[in-house]
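Me: Please examine the structure below, with attention to its aromatic rings and its surface.

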Amino acid sequence: MPQKTARAGGAAWALVITSAAGFMAALDNLVVTTALPSIREDLGGGLHDLEWTVSAYTLTFAVLLMFGAALGDRFGRRKLFVIGLTVFTGASAAAALAPGIEALIAARAVQGVGAAIMMPLTLTLLTAAVPEAKRGMAYGIWGAVNGLAVASGPLIGGSLTEHASWQWIFWLNVPLGLALLPLARFRLAESHAPGARLDITGTLLASGGLFGIVYALIRGPLDGWTGVTVLGSLVAGAALLGGFVRHGIRHKAPMLPMRLFRSLAFSGINAASLLMFLGMFGSIFLLSQYMQIVLRYSPTEAGLRMLPWTGMPMLVSPLAGYLSDRFGGRPVVAAGLFLQATGLGWYAVVVAPDAAYTVQLPALIISGIGMSLFFAPASNLVMSGVRPHEQGIASGANNALREVGGALGIAVMSSIFSAHGGYGSPWNFVDGLEPALWVGAAMVVLAAVAVLCIPGRQKTGVPASGQEVRLGRQDARVDA
């Protein structure tokens, strides 16, 4: 069945609905961060429980994203989008009602399942509804709304935690989800990918492999890196991911065809996405606690003080989308990543138990501008680097790698934090935070290097090599 555009209202309705759904999914990545001290005080648990409160969402989100995209391609993108939104909304209510830390972690995992189904379909539905010449700006607006979620996540979480209770950070999703459900049902057109098939084997291999590795990283500081459970999880996770790669090469219709990675553009932007989110999410996870535990800011004050970083995408993302249309995504994304790394390095230099906010402010602003220049152009690079009928799986793969990066970032940087410091005193916290921030900065520098390996383009959406042009022509003949 050929691609269809949106119903009455067309691109505008598609942009509103997909941006709002993306806002919900992105919000729940970070809304918990400023509430972690209150959740810990109310429900108990240690650092590893706080990690799982965040990682249970990002991990299920990550490992099922490509499967969610495949389900949409096979059974209908609008239909699966509505199902994912329903699951996400119900799980948000369950998280708000959680009586203990284990129940909260379980509800967060189910939230991730719902987000994994709906999130990759947002870009696919938006791409189908918007003319190619205007997609850069549409992605910019979509990125700005996601940036609003990143910006408001710590602030909303902090404000609701301080003035109501932490449960309200999850109740917030319920009315928004209920409002979006009828709009999605009646304002989005249904579409399928021709010949789409489900890949259960690939899903199991990818899910098991990622879970094994992230579980080992989270448990390593507690159980010891040479423990049977940790080593066994690492080995098993690596073996399953190796099987997933082999499956993607040999299977006729894998969930993630490894041939996509023959494109330097696709490989480079996905490697950069994973490394960028590793450095960014791990840093925000620790810095939101630093502001409250060490600097003694209230949750609301901590959220407000993070705004120069997290709020910058609201201002810069639409401009970044325009620049990617005009000059190509590669230079814009690379510049953003170098700025993000500079901001994290600056923070590592100035962090102290009594650091004044004015000393932290330049690092926050630089990081915010860098993050803003990454989001929209990176999405444009992903979608323009593959054939049209592969855009759904490409979006799912990129979002999956971003979420994997976020989960790994929290696990890796928390492990570094635990190895060098802890919660014993302000100085002890800073001793762990500083090396973690340096590692985060290094990861983002590596992301910038990966982007610089992408072939140059005159503008985003124009293939960089004759090989890609020939592939596109062959694909067009096959579809015809």
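Reply: Rings of Phe, Tyr and Trp (its six-membered ring) pair if their centres lie within 6.5 Å. The model is a predicted one. A search of the whole structure on that basis returns a total of eight aromatic pairs.

Me: How is the pair formed by Phe-261 and Phe-266 classed?

Reply: A pair of aromatic rings is described by the distance of the centres and the angle of the planes. For Phe-261 and Phe-266 the centre-to-centre distance is 5.1 Å and the planes lie at 65°. Planes over 60 degrees apart count as edge-to-face, so the class of this pair is edge-to-face.

Me: Over which rings does the charged end of Arg-305 sit?

Reply: The charged end of Arg-305 lies 4.2 Å from the centre of one ring, that of Tyr-297. It also lies 5.6 Å from the centre of another, that of Tyr-357. The rings asked for are those of Tyr-297 and Tyr-357.

Me: What accessible area does the nonpolar surface patch with Ile-200 have?

Reply: Ile-200 belongs to helix α9, residues 200-223, and is partly exposed at 47% relative accessibility. Phe-75, Leu-198 and Leu-204 form the patch with Ile-200. Together, the four residues have an accessible area of about 370 Å².

Conventions. Residues numbered from 1 in each chain as written. Predicted model: local features only at pLDDT ≥ 70, side-chain atom pairs only at ≥ 80, totals over all residues. Heavy atoms only, no water. Patch = residues over 30% accessible without salt bridge, like charges linked within 9 Å, V, L, I, M, F, W, Y side chains within 5 Å. Areas by Shrake-Rupley, 256 points an atom, 1.4 Å probe, with all protein chains shown as cover. Salt bridge = Lys/Arg side-chain N within 4 Å of Asp/Glu carboxyl O. Helix = DSSP H or I, 4+ residues; strand = E, 2+ residues; numbered from the N terminus. Buried < 20%, exposed > 50% of the residue type's maximum accessible area, 1.4 Å probe, protein only. Phe/Tyr/Trp six-rings, centres within 6.5 Å; stacked < 30°, edge-to-face > 60°. Lys NZ or Arg CZ within 6 Å of the ring centre and 35° of its normal.
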